[in-house]
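This report is meant for a reader who is meeting the structure below for the first time.

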Amino acid sequence: MLRVVEACAARIRWRLRPQSKRRLLNDILVLCTGLRPVILMDYGGTMPQLQDNLCSLLHHARQEASILNPLRVMVINDMLYVIHVKGLAEHVSPNARSQHQLAFVDLEKSCCKLLANTEKNETMMELLSIQDRFSATFSTLIIEANVKPGAADVECSVISIPDTTSLIIDLTAFLESTRIALPSLNGWLLGYPITYLFRNETAEAATKNLSNHSLHIYRIFVVRHLHSDAKQSEEELLSFSVPCDMSAKREEEPWARSFLAHMNEKLERCSHVWESVRLEVEVFQSQSGVIVL
């Protein structure tokens, strides 16, 4: 499958740097094996050429590898994502949201506070409303494609999502009448256990508040099973930050342990592809004005 993607990228003359090509191939494998439902395309070029290249790549690659059929390009404002439709439908479902509840860092207050999603907060309630819209939208997509909701896996080659379905899913309208900042939505979409919560009009204050804190950077690494004598190497699956004073126990924080256990459950479903997962925590000493949300 990855050879098909690599060949199609060459065919459409998408001139990716070696590091970007490696990241793209790894991200597609991550999507197709169910480790993540969404990846943010913050590499590989700029809009609109990046969107054109992605759509062209998927158009050609899906004709040769049916496992790629559930992949789509999602657009929200000027942000571009590659999604696994079935995986995202599961991620945004009420059942998954109740099983893996988010914690939120309220950046609108000078002393950042960790909130549970049961607490009353106007910005949080708006995010929960958007989550419901995502759930309804992707449940409909799954029904139209005659796909039963469930975790994505490497057997997704049996999924039949009609080729007539557009490669592009534009959800920009979801945020047109809301005040919540896109980074807050991204925290949930990209699968982070902790999400920074703030609105567009408070973005400057949120950046300042977060810059006053030293941060723990949590990085998740995965190792692939290799069927050759090639040297194994770790690939970063995702990373996110949490203020140090809210994560004093580092990887022993209850939410961190729960998150890592959840990632291990995903890995076990595709253990013939992935060998291991590892969490690493490092400290980032913030300075005012350095952090950009």
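## Aromatic rings

Rings of Phe, Tyr and Trp (its six-membered ring) are taken to pair if their centres lie within 6.5 Å, and a pair is stacked when the planes are under 30 degrees apart and edge-to-face when they are over 60 degrees apart. The model discussed here is a predicted one, and by this rule it has eight aromatic pairs. One of them joins F134 and F138, whose ring centres lie 6.1 Å apart with planes at 10 degrees, so this pair is stacked. Both residues belong to helix α6 (residues 122-144), and because they are four residues apart there, about one helical turn separates them. F134 is buried, with a relative accessibility of 0%, and F138 is likewise buried, its relative accessible area being 0%.

The pair formed by F240 and F259 has ring centres 5.7 Å apart and planes at 90 degrees, so it counts as edge-to-face. F240 lies in strand β9 (residues 234-243) and F259 in helix α9 (residues 254-269), so the pair ties together parts that are 19 residues apart in sequence. F240 counts as buried at 6% relative accessibility, and F259, with a relative accessible area of 9%, is buried as well. These two residues also belong to one aromatic cluster, which is formed by Y192, Y218, F240, W255 and F259.

## Two paired strands

Strand β4 (residues 103-106) pairs with β7 in the parallel sense, over four bridges, and within this pairing A103 stands opposite I194 of β7. Along strand β7 (residues 194-197), I194 and Y196 point one way while T195 and L197 point the other way, and all of these residues are buried.

## Salt bridges

Side chains of opposite charge can pair when their charged atoms come close. The structure holds 14 salt bridges, among them one in which the side chains of K21 and E6 meet at 3.1 Å, N to O. This pair links distant parts of the chain, since K21 is in helix α2 and E6 is in helix α1 (residues 2-11), 15 residues apart. K21 is partly exposed at 31% relative accessibility, and E6 is partly exposed with a relative accessible area of 35%.

R97 forms a salt bridge with D132, and their closest N and O atoms are 2.8 Å apart. As R97 lies in helix α5 (residues 94-99) and D132 in helix α6, the pair ties together parts that are 35 residues apart in sequence. R97 is buried, with a relative accessible area of 17%, whereas D132 is partly exposed at 44%. The side chains of E234 and R278 also meet in a salt bridge, at 2.8 Å from N to O; because E234 lies in strand β9 and R278 in strand β10 (residues 274-284), parts that are 44 residues apart in sequence are tied together.

## Cysteines and a glycine in a loop

The structure holds zero disulfides. C244 counts as buried at 18% relative accessibility, and C270 counts as buried at 0%.

Where does G34 lie? G34 is found in the loop between α2 (18-32) and β1 (38-40), and at 12% relative accessibility it counts as buried. The C-alpha atoms of G34 and G87 are separated by 6.5 Å, although these residues are 53 residues apart along the chain.

Note on methods: Residues numbered from 1 in each chain as written. Predicted model: local features only at pLDDT ≥ 70, side-chain atom pairs only at ≥ 80, totals over all residues. Heavy atoms only, no water. Buried < 20%, exposed > 50% of the residue type's maximum accessible area, 1.4 Å probe, protein only. Disulfide = S-S within 2.5 Å. Pairing = 2+ DSSP bridges. Salt bridge = Lys/Arg side-chain N within 4 Å of Asp/Glu carboxyl O.
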